[in-house]
Amino acid sequence: MPKRATWVAWFMVAIFVACHGLGFPLSVANGTFQRQPGFFLALLLGFTAFMIVGAVIVAHRPSNTIGWIFSAIGLLWATGTLALGYAEYTYVTRPGSLPGAVLAAWYAWWWLPVFALIFVFTLLLFPTGRLLSARWRPVAVLATVGIAAIIVLGALQPTLRLQNEGYAVRNPIGLNGVPDPEEGALGAVLFGVLAFCAIAAVASVVLRFRRSQGAERQQLKWFTYAALLAILFQVVPTPLPAGVVSDVLFGLSIVFIPVSAGVAILRYRLYDIDRLINRTLVYGLLTAILGLGYAGTVLVLGQLFGGVGAEPPSWAVAGATLAVAA
């Protein structure tokens, strides 16, 4: 089984690379990459990390469901972006140039399982690949039913819409009268079910952490640490202007989530997490103190020697910079 799992794992990586190799030229031809290069690179970094880490876990721990979940996340993103680019190229960029565009447009539901796998099933099953107890099985079943219902309703819509293009495509298997899962009361209920399952999954992580001991607690520390860093990157304002650099850094913060999960599951340098958390807190606090000290020094000197509301003198800025550096 381990040898077969290794072959399967790297075969999935090959599919991921092939899909991206075909999809990237389409995104360039469609102008999608040129419009948002930073966002594209951020997604590429994040989902590539899920794909690679998932393959490594599958190869070394095939019995752990998390590896298969990460691999499925990477494959869904790769095939989904390829299908989206293919449909946009055939219907918008060069109409009628490629066959099978209806099937590519129909595949637009791919992002829903990605949402469920990341925010529900990964949280429910990490790090052992099993539920905390049988009491959490209804949450997994409810999330599966909700996702399946949204996918079926979306797949049976009479028209298929290309994302961000406003282009409608006739669905050959569509049925008139099928409610749109993204609109109306039924859609609100289904997405509310998914939101409830995601909140319940977070609660299961908290409860698992409280009950954990030894190696499992260290595993949960790795995953929680990475998730908090990604959240803080979004919540805490940074001095970097919006653009490619900030988007790539956000992508790197996402990369740390599957990487930390891989470290936790494979138990490579597992107990280094305590040192990592300690240094993060120390250097983070030190950086905040230095930043506040710099701002306060420049402000005070500017008020004393430049007047209220005036620009601080250049020597005050230079002096504060040297003091912080020292």
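Which residue forms a salt bridge with Glu88? It's Arg35, and the closest N and O atoms of the pair are 3.8 Å apart. Keep in mind through all the views below that this is a predicted model.

**View 1. The whole chain, to get your bearings.** The protein chain has 12 helices and two strands. Of the 326 residues in the chain, 38% are buried.

**View 2. Glu88 and Arg35, a link between helices H4 and H2.** A search of the whole structure turns up two salt bridges, and here's the one between Glu88 and Arg35. It ties together distant parts of the chain: Glu88 sits in helix H4 and Arg35 in helix H2, 53 residues apart. The partners have their own surroundings. Glu88 has a relative accessible area of 6%, so it is buried, while Arg35 comes in at 53% and therefore counts as exposed.

**View 3. Arg208 and Glu216, another salt bridge.** In this pair, the closest N and O atoms are 3.8 Å apart. Arg208 is buried, because its relative accessible area is 3%. Glu216 has a value of 24%, so it is partly exposed.

**View 4. Helix H8, end to end.** This helix covers residues 184-211, which makes 28 residues. At 1.5 Å a residue it should span 40 Å, and its end C-alpha atoms are 41 Å apart, so the two agree. Buried residues of H8 include Gly187, Leu190, Cys197, Ser204 and Arg208.

**View 5. The largest pocket and what lines it.** How big is the volume of the largest pocket? About 1600 Å³. Its lining takes in 48 residues, and those nearest the centre are Leu43, Phe47, Val114, Ile118 and Ile254. Helices H1, H2, H3, H4, H6, H8, H9 and H10 each give two or more residues to this lining.

View 6. Leu45, Leu249 and Leu252 make a nonpolar surface patch of about 210 Å². Leu249 belongs to helix H10, which runs over residues 244-266. Its relative accessibility is 32%, so Leu249 counts as partly exposed.

**View 7. Ala227 and Ile257, apart in sequence.** These two are 30 residues apart along the chain, and their C-alpha atoms are 6.0 Å apart in space. Ala227 is found in helix H9, residues 214-235. With a relative accessibility of 23%, Ala227 counts as partly exposed.

Key. Residues numbered from 1 in each chain as written. Predicted model: local features only at pLDDT ≥ 70, side-chain atom pairs only at ≥ 80, totals over all residues. Heavy atoms only, no water. Helix = DSSP H or I, 4+ residues; strand = E, 2+ residues; numbered from the N terminus. Expected span 1.5 Å × (residues − 1). Buried < 20%, exposed > 50% of the residue type's maximum accessible area, 1.4 Å probe, protein only. Patch = residues over 30% accessible without salt bridge, like charges linked within 9 Å, V, L, I, M, F, W, Y side chains within 5 Å. Areas by Shrake-Rupley, 256 points an atom, 1.4 Å probe, with all protein chains shown as cover. Salt bridge = Lys/Arg side-chain N within 4 Å of Asp/Glu carboxyl O. 1 Å grid on protein atoms, 1.4 Å probe; cavity = no way out; pocket = protein on both sides within 12 Å on 5 of 7 lines; lining within 4 Å. Points joined across faces, edges and corners; volume = space filled by probe spheres on them.
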